[in-house]
Amino acid sequence: MLICLTASHRNASFDLLERLSIGAPSAASRLVTDAGVLDGAVVLATCNRFEAYLDIAGDDSGSAVAATVQAVAAASDLDSTEVLDSVNVLGGKDVVQHLFAVSSGLESVVVGETEISGQVRRSLEEARSNGTTTSDLERLFQEAAHTSRGVKTRTRIGAAGRSLVRLGLELASSRVTDWAHTRVLLVGTGSYAATTIAALRDRGATNIQVFSPSGRAPWFAAKHDLVAARDLRQAIGESDVLITCTSSEVPVVAPADLDDGVRRIVIDLGLPRNVDPAAAGVDGVELLDLETISIHAPISELNAESEARAMVDDAVSRFRAQAMEQSTTPALVAFRKHVFDILDDEIERAKRRADADGESVEHTERALRHLVGVLLHRPSVRARELGRAGRGEEFVAAIDSLYGVRPEAAAELPTPVVPLADRTALDPTVSDRDDQADAS
């Protein structure tokens, strides 16, 4: 059972999101590996949202939510009541709808922003490395990525290439006379830093230094044809615009690092904050942090957004239909095993009689297998049809009533392997399907 705990710029403060981004990922992982409350978890923590996609062990969603909120709050040094009041809990179809919309950039501060799809992908990769994914979470996130690519290529939702980085530079441009003659210092060497460099160069900036608290500046500077700064305080003093985008959990720029009375624009793209908020009080400094930038987010292009949301709705419907169709698979596997067990018993009995009489049973075996294939074909097709229509439980109940076959008891058993020649005899459509699969 999948549920989602979500807090974003729409329903939570940036202070709370900042603190959640630090402690929540490890807390959710511990709930999977230690407490056994969850079968799996994927945590997405970005500059304007925190989300935990949970695969619950059993059906007790209330207990799972309470345990998750308590663990996340404790790890983030927050009151659990405050966290619970700031998150929305989604279940069922709403989980699919929400993730597909988020990964497509439809729930971002800047609608259609391009960074979010990569962040969603990396959250899944991190969960894999931590061993906290499940088959249901994998399928959900992979389909979300597929939907995001479709929205990006088939709509104009991101045609302007807008993102928080570019929006921040747009706000700064009203204060910058000429980017070509502006000295820029970039603090950070991650994926956001690469995006920032591209946006700066689009505006004509050429004088760019980079500093890294982790010491990666020389490598990053060589890769992007920049100048590596060795001393942060000195580099700040030589800059007109300071942009920070590190993953540091503590501020890397303090008010004391900024010269009083010197006009300077500081753009803080970090979450947690890279710049101490008190820096806004330094004379001459204009601080643009994520909260300030989000206030100026543009109104989306309504036609493009409507088209993108229609695509997301279609993708959600397809995903749900596939899930419902697959709901009959365990029952069908159990039913097929039941029938093949009967067949194998009959074949074995025939072989024993043939050994006693000195006769061959090859023709008898082939005839029996063909008969079973014919008998199974229509129920198999009907099972998929019922599942697709959301009536899979009718098939499960039918085989339970008729044969006493229950998928729960046999869901882990593999489908019997039958040679192609025998499968052709069992079901005349098998050879056609195999030919089509080979052709594809």
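Me: How do the residues lining the largest pocket divide into nonpolar, polar and charged?

Reply: There are 12 nonpolar, 20 polar and 6 charged residues in that lining. Here Ala, Val, Leu, Ile, Met, Phe, Trp, Tyr, Cys and Pro count as nonpolar, Asp, Glu, Lys and Arg as charged, and the others, Gly among them, as polar. Please keep in mind that this is a predicted model, where local features need pLDDT of at least 70 and side-chain atom pairs count only at pLDDT 80 or more, while totals for chains, interfaces and linings use all residues. Residues are numbered from 1 along each chain as its sequence is written, and side-chain values use heavy atoms, with hydrogens and water left out.

Me: Thanks! What volume does the largest pocket have?

Reply: About 1200 Å³. A pocket is an open set of points on a 1 Å grid over the protein atoms alone, with protein on both sides within 12 Å along at least five of seven lines; lining residues have an atom within 4 Å of a point. Grid points are joined across faces, edges and corners, and the volume is the space filled by probe spheres set on the points.

Me: Which residues are closest to its centre?

Reply: Ala 45, Gln 119, Arg 122, Ser 191 and Ser 247, out of 38 lining residues. The elements giving two or more residues to this lining are H1, E2, H5 and H8, and H5 gives the most, with 7 residues. Those labels are DSSP runs numbered from the N terminus: helices are H or I with at least four residues, strands are E with at least two.

Me: And the second largest pocket, what lines that one?

Reply: It has 15 lining residues, and Leu 2, Asp 136, Arg 139, Phe 319 and Ala 323 lie nearest its centre. Helices H4 (93–103), H6 (135–154) and H12 (302–326) each give two or more residues, with the largest share, 5 residues, coming from H12. The volume is about 500 Å³, and the lining divides into 8 nonpolar, 4 polar and 3 charged residues.

Me: What about the second largest cavity, which residues line it?

Reply: Phe 14, Glu 18, Asp 268, Gly 270, Leu 271, Arg 273, Asp 289, Leu 290 and Glu 291. They divide into 3 nonpolar, 1 polar and 5 charged, and the volume is about 60 Å³. Two of these residues, Glu 18 and Arg 273, are also linked with Asp 15 in a network of salt bridges.

Me: Good lead-in! How many salt bridges does the search find?

Reply: The whole structure has 14, where a salt bridge is a side-chain nitrogen of Lys or Arg within 4 Å of a carboxyl oxygen of Asp or Glu. One of them joins Arg 19 and Asp 77, with the closest N and O atoms 3.9 Å apart. Arg 19 lies in helix H1 and Asp 77 in the loop between helices H2 (61–75) and H3 (80–86), so the pair ties together parts 58 residues apart in sequence.

Me: Is Asp 77 buried or exposed?

Reply: Exposed, with a relative accessible area of 62%, whereas Arg 19 is partly exposed at 36%. Buried means under 20% relative accessible area, exposed over 50%, and partly exposed in between (1.4 Å probe, protein chains only).

Me: And how far apart are N and O in the bridge between Asp 240 and Arg 183?

Reply: 3.0 Å. Asp 240 is partly exposed at 27% relative accessibility, and Arg 183 is partly exposed at 35%.

Me: Last one: how many residues of helix H7 are buried?

Reply: 7 of its 10 residues, so H7 (residues 164–173) is mostly covered. Among the buried ones are Leu 164, Val 165 and Leu 167.

Technical notes:
1 Å grid on protein atoms, 1.4 Å probe; cavity = no way out; pocket = protein on both sides within 12 Å on 5 of 7 lines; lining within 4 Å.
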